[in-house]
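The sequence and structure come first.

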Amino acid sequence: MNTSRRSFLKVAGLSAFALSSGMASLAGTAGAARAQIAPGRYEKGEHALTAKRWAMVIDTRLFRGPEDYEPLIEACHKVHNVPHIPGNQDIKWFWLDKYDHVFPDDMNAHINDKTRQASYPLLCNHCTNPPCVRVCPTQATYRMEDGIVAMDYHRCIGCRFCMAGCPYGARSFNFVDPRKYLSDPVPNPTFPTRMIGVVEKCTFCAERLAAGQIPACVEAAGGKILFGDLEDPNSTVRQALAANYSIRRKPNLGTQPGVYYLI
């Protein structure tokens with residue numbers, strides 16, 4: 001058995017034991033074993049899109065209602081083979097919710113009714129300080145150099161520590177086999193399907209960026225969602241943020257989300 005495999009099994013065993021016993025003393029040992037496992041990576045093509053810090057700006061003022069978001073949700077889920085599972089087992093990468101749930105920290109009790117009653121899109125925030133990465137025992141979830149919080153489904157052991165660590169509810173767990181709810185052939189044969197017992201979420205379309213394509217939801221939005229380098233003062237996202245009032249979800253937590261909303 002090679003070192004990487006041995007380290008992985010060691011971490012998996014420790015994680016399962018910690019989950020059942022709640023022993024915080026294992027954190028140091030698990031961390032040491034985890035350090036021996038290198039995180040995953042995306043192979044970038046010749047025309048890959050690159051940035052120092054990818055960020056998204058959603059101009060909610062340009063969306064009339066939930067129906068305007070449906071093409072974006074459909075595009076995201078089709079590209080990533082996200083199934084629709086009836087009941088409370090549904091998997092979500094891009095979804096909608098009301099103002100009070102999306103921005104619970106807003107202290108303005110007198111905001112206009114149109115803003116408060118509207119639906120807002122939700123996805124992984126790809127935080128600068130992602131708590132989900134810190135708690136993952138196997139580095140199945142990891143932060144890339146360009147700020148994207150990515151997933152390696154083969155390393156996910158289903159402990160769901162990342163779900164507990166994420167304050168935005170951006171992750172879904174496959175309690176049932178998602179492949180049973182996909183068409184045959186699947187919508188996108190080039191993107192891997194997942195299996196029962198793993199967590200999944202939005203990845204800012206890292207695989208598309210590596211191939212020189214913008215995220216599927218951005219492409220479907222037709223200019224209503226901007227995507228670019230937050231570290232570049234000349235990028236469209238920086239220009240939009242400089243010219244408009246924007247908010248992020250739960251800013252008081254210090255996670256520094258990479259998704260901004262123009263309200």
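Nine aromatic pairs are present in the structure, which is a predicted model.

One of the pairs joins Trp 54 and Phe 227, which are stacked, with 4.8 Å centre to centre and 15° between the planes. Trp 54 belongs to strand β1 (residues 54-59) and Phe 227 to strand β8 (residues 225-229). The pair thus links distant parts of the chain, 173 residues apart. Both Trp 54 and Phe 227 are buried.

Tyr 99 and Tyr 120 make an edge-to-face pair, because their ring centres are 5.7 Å apart and their planes stand at 65°, where an angle over 60 degrees is required. Tyr 99 is in helix α4 (residues 99-102) and Tyr 120 in strand β3 (residues 119-122), so this pair ties together parts that are 21 residues apart in sequence. Tyr 99 counts as buried because its relative accessibility is 3%, and Tyr 120 is also buried, at a relative accessible area of 2%. Both tyrosines belong to one aromatic cluster, formed by Tyr 99, Phe 103, Tyr 120 and Tyr 261.

| Charged end | Ring | Distance to ring centre |
|---|---|---|
| Lys 92 | Trp 95 | 5.0 Å |
| Lys 224 | Phe 63 | 5.1 Å |

Definitions and conventions:
Residues are numbered from 1 along each chain as its sequence is written. This is a predicted model: local features need pLDDT of at least 70, side-chain atom pairs count only at pLDDT 80 or more; totals for chains, interfaces and linings use all residues. Side-chain values use heavy atoms; hydrogens and water are left out. Rings of Phe, Tyr and Trp (its six-membered ring) pair if their centres lie within 6.5 Å; planes under 30 degrees apart count as stacked, over 60 as edge-to-face and the rest as tilted. Helices (H or I, at least four residues) and strands (E, at least two) are DSSP runs, numbered from the N terminus. Buried means under 20% relative accessible area, exposed over 50%, partly exposed in between (1.4 Å probe, protein chains only). A charge sits over a ring if NZ of Lys or CZ of Arg is within 6 Å of the ring centre and within 35 degrees of the ring normal.
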